[in-house]
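Thanks for coming. I will go through one model this morning, and I will keep to what can be read from it.

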Amino acid sequence: MFKKFSLEEISSQNQVKASVQRRIRQSIQEEYPGLETVLEDLLPKKSPLIVVKCPNHLTLVVVNNVPLFFCIRDGPYMPTLRLLHQYPSIMKRFQVDRGAIKFVFSGANIMCPGLTSPGGVLDEEVEAERPVAIYAEGKQHALAIGFTKMSAKDIKSINKGIGVDNMHYLNDGLWKMEQLD
């Protein structure tokens, strides 16, 4: 998704009205209840919230020139990896085995066998079409954020094909863009 993302890809930046800002905050709060205590610090009511539109129906939520969340089409808002590293407990987590790490870093989707092998770990409660944090075996921080193609139970039982779409990973274009200038 963000493999070759850069500032040139931004088509428009708009400061949103208070009603739109409330809707975005509410949507984020419903999706990530673990952020409730720090949501006021992340998305302050007095600070301007900017929505950045990019190609492929991609939207970034930016506060103080720092991208915090993104969404594709009308899907759920997903935190950037920088935000996830600050608050690691806000998302459900999957863990891939050591063999999958280099493929995830190159932007590949996460295959079911990489999640079900001895080094992989699945959160059984995750349904299909939900955002998840992808961790690596033996590593402390998340290396990617993905969107499940099937539920965790299906990933375990089918064990074939793509289990999670890789949306944002370490060292992609969004990771390298610490601030929008």
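How many bridges join S3 to S4, and in which sense do these strands run? The count is 6 bridges, and S3 and S4 run antiparallel. Before going further, please keep in mind that this is a predicted model.

Let me stay with that pair of strands. Val-63 has Val-66 in S4 as its bridge partner. The hairpin of S3 and S4 has 2 residues between the strands, and Asn-64 there takes a positive phi near 55 degrees.

Now the other neighbour of S4. Strand S4 covers residues 66–72 and pairs with S5 in the antiparallel sense, over 2 bridges. Both bridges can be named by residue: Phe-69 is partnered by Pro-79 in S5, and Phe-70 by Met-78 in S5. The hairpin here has 5 residues between S4 and S5, and Arg-73 is the residue with a positive phi near 55 degrees.

Stepping back to the sheet, there are 5 strands, in the order S1-S2-S3-S4-S5, with antiparallel pairing, and the sheet is open. Its edge strands are S1, residues 12–15, and S5, residues 78–79, each of which pairs on one side only.

Is S4 mostly covered or mostly uncovered? Mostly covered: of its 7 residues, 6 are buried. Take Ile-28 as an example of the contacts. Leaving out residues up to four places away in sequence, Ile-28 touches Leu-35, Leu-39, Leu-43, Phe-69 and Tyr-77.

Next, two single residues. The one to start with is Leu-81, in helix H3, which spans residues 81–86. Why does Leu-81 count as buried? Because its relative accessibility is 0%, and the cut-off for buried is under 20%. What is Leu-81 in contact with, once neighbours within four places in sequence are set aside? The list is Ala-142, Leu-143, Ala-144, Ile-145, His-168, Tyr-169, Leu-170 and Trp-175.

With neighbours within four places in sequence left aside, Ala-136 is in contact with Gln-95, Val-96, Ile-101 and Leu-143. Leu-143 is also on the contact list of Leu-81. For a sense of distance, Ala-136 and Ser-12 lie 124 residues apart along the chain, and 35 Å separates their C-alpha atoms.

Which residues line the largest cavity? They are Val-66, Pro-67, Thr-80, Arg-82, His-168, Leu-174, Trp-175, Met-177 and Glu-178. S4 and helix H7, residues 173–176, are the elements that give two or more residues to this lining. By type, the lining of the largest cavity has 5 nonpolar, 2 polar and 2 charged residues. His-168 and Trp-175 from this lining are both contacts of Leu-81.

The largest pocket holds about 250 Å³ of space. It is lined by 14 residues, and those closest to its centre are Lys-53, Thr-59, Cys-71, Asp-74 and Tyr-77. Helix H1 (18–31), strand S2 (49–54) and strand S3 (58–63) each give at least two residues to the lining. Which element gives the most? H1 does, with 4 residues. The lining of the largest pocket divides into 7 nonpolar, 3 polar and 4 charged residues.

The second largest pocket has a volume of about 160 Å³. Its lining includes Glu-30, Glu-31, Tyr-32, Lys-92, Glu-125 and Arg-130. H1 and strand S8, residues 131–136, each give two or more residues to the lining of the second largest pocket. This lining has 6 nonpolar and 6 charged residues, and no polar ones.

That is what I have on this predicted model. I am happy to go back to any part of it.

Note on methods: Residues are numbered from 1 along each chain as its sequence is written. This is a predicted model: local features need pLDDT of at least 70, side-chain atom pairs count only at pLDDT 80 or more; totals for chains, interfaces and linings use all residues. Side-chain values use heavy atoms; hydrogens and water are left out. Two strands pair if DSSP finds at least two bridges between them. On a 1 Å grid over the protein atoms alone, a cavity is a set of points where a 1.4 Å probe fits but cannot get out, and a pocket is an open set with protein on both sides within 12 Å along at least five of seven lines; lining residues have an atom within 4 Å of a point. Ala, Val, Leu, Ile, Met, Phe, Trp, Tyr, Cys and Pro count as nonpolar, Asp, Glu, Lys and Arg as charged, and the others, Gly among them, as polar. Grid points are joined across faces, edges and corners, and a volume is the space filled by probe spheres set on the points. Contact means heavy atoms within 4.5 Å. Buried means under 20% relative accessible area, exposed over 50%, partly exposed in between (1.4 Å probe, protein chains only).
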